[in-house]
Amino acid sequence: MKYCAAILAAAFSVASAQIFDPIIAAGDYSSLLDAVVKTGNDVVITENAPVTIFGPKDSAFAAISDLVATLTDEELSAVLLDHVIVGANVTAAAVVEAGCLEAETAGGLMLGIHFDEAASSVTVNGIPVTAFDIAGDYGILHGLEGVLVEGVLGDFVPCPPPAILTPIFDKGTYSILIEAIVGAELLPDIAANLPVTIFGPKDSAFAAIS
């Protein structure tokens with residue numbers, strides 16, 4: 001159901017209406033805001049600002065309207081929270097500079113935010129981002145061309161490994177090792193001491209002591 005800006009603003013508390021004004025003004029997010037209000041996530045976002053929202057556009061919600069119609073408010077809330085990163089303003093410039101970022105959403109979904117330099121495009125778990133840096137007191141919103149629904153669309157697409165680890169990654173059996181190296185911030189030490197010898201446990205080895 002589409003809302004004009006005035007009607008949509010009336011659905012919020014005064015504080016919420018003010019904090020979401022930039023999104024309302026953008027004009028492509030009435031379905032998103034309708035769902036946010038319906039599930040009470042306007043309060044969640046307001047109380048946890050600043051947040052980064054990867055906001056599906058109206059066309060994205062329309063494309064899965066049959067699925068959305070089957071969701072309970074609790075299930076819809078979980079879907080919405082998978083589009084929100086709490087405590088961070090992830091700007092377009094930050095994504096371009098990093099090339100790829102990984103972040104966990106308020107709903108627990110991992111996001112791989114990729115910048116493709118050749119195409120000058122950004123995707124989140126493979127879904128194109130086509131509007132950027134809609135900023136307000138809530139934080140920042142980027143417009144998404146699909147709805148992240150785990151198991152349906154937008155499952156986690158991890159960032160590629162650093163170039164120095166690509167030959168290991170390409171073997172296909174060392175993803176846990178690579179994740180551990182990156183997470184422990186060991187890459188600078190490895191790069192500064194090349195060549196090195198790594199006795200690398202395979203994924204099955206890590207699984208055995210999980």
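**Entry 1: the disulfide**

I count a disulfide where two cysteine sulfur atoms lie within 2.5 Å. By this rule I get one disulfide. The partners are Cys 100 and Cys 159, with their sulfur atoms 2.0 Å apart. I looked up the torsion about the S-S bond of Cys 100 and Cys 159; it is about -85°, so the disulfide is left-handed.

Next I placed the two cysteines. I take helices (H or I, at least four residues) and strands (E, at least two) as DSSP runs, numbered from the N terminus. Cys 100 lies in strand β3 (residues 100–104). Cys 159 lies in the loop between β7 (139–144) and α10 (166–169). The pair therefore ties together parts that are 59 residues apart in sequence.

I also checked burial, where buried means under 20% relative accessible area, exposed over 50%, and partly exposed in between (1.4 Å probe, protein chains only). Cys 100 has a relative accessible area of 17%, so I note Cys 100 as buried.

**Entry 2: what kind of model this is**

Residues are numbered from 1 along each chain as its sequence is written, and side-chain values use heavy atoms, with hydrogens and water left out.

pLDDT is the predictor's confidence in each residue, from 0 to 100. The protein chain has a mean pLDDT of 90, and 92% of its residues reach 70 or more. Over residues 1–15 the pLDDT is below 50. I count a contact where heavy atoms lie within 4.5 Å. Beyond near neighbours in sequence, residues 1–15 have 21 contacts in the model. Where pLDDT is low, the predicted coordinates should not be read in detail.

**Entry 3: one side of α8**

Which residues of helix α8 (residues 73–81) are buried? I find Leu 76, Ser 77, Val 79 and Leu 80. They cover an arc of only 160° around the axis, which puts them on the same side of α8. The arc is taken from the directions from the helix axis to the C-beta atoms.

I then listed what they pack against: α4 (30–39), α5 (41–48), α6 (58–63), α7 (65–69) and β2 (84–86).

Lys 38 lies in helix α4. Lys 38 is exposed, with a relative accessible area of 52%. Leaving out residues up to four places away in sequence, Lys 38 touches Asp 73 and Leu 76. Lys 38 and Leu 76 are 38 residues apart in sequence, and their C-alpha atoms are 9.2 Å apart.

**Entry 4: aromatic pair and cores**

I pair rings of Phe, Tyr and Trp (its six-membered ring) if their centres lie within 6.5 Å; planes under 30 degrees apart count as stacked, over 60 as edge-to-face and the rest as tilted. The count comes to one aromatic pair. Phe 20 and Tyr 138 are stacked, 5.9 Å centre to centre with 15° between the planes. Phe 20 is in the loop between α2 (14–19) and α3 (21–26), and Tyr 138 is in the loop between β6 (127–136) and β7. They are 118 residues apart. Both Phe 20 and Tyr 138 are buried.

For a nonpolar core I take buried Ala, Val, Leu, Ile, Met, Phe, Trp, Tyr and Cys residues joined through side-chain atoms within 4.5 Å. The largest has 25 residues, and Tyr 138 and Leu 141 have the most contacts inside it. The elements that give this core two or more residues are α3, α4, β1 (51–56), α6, α8 and β6. The largest share, four residues, comes from α4. Another core of 14 residues lies apart from it, with Val 95, Leu 109, Ile 113 and Val 122 among them.

**Entry 5: backbone exceptions**

Most residues other than glycine have a negative phi, and most peptide bonds are trans. I looked for exceptions.

- The peptide bond from Ala 49 to Pro 50 is cis, with omega near 5°. Pro 50 sits in the loop between α5 and β1.
- The peptide bond from Leu 194 to Pro 195 is also cis, with omega near -5°. Pro 195 is in the loop between α12 (187–192) and α13 (203–208).
- Ser 120 has a positive phi, near 50°. Ser 120 is in the loop between β4 (110–116) and β5 (121–124), and counts as exposed at 60% relative accessibility.
- Asp 133 has a positive phi of about 55°. Asp 133 lies in strand β6 and is partly exposed, with a relative accessible area of 36%.

Methods
This is a predicted model: local features need pLDDT of at least 70, side-chain atom pairs count only at pLDDT 80 or more; totals for chains, interfaces and linings use all residues.
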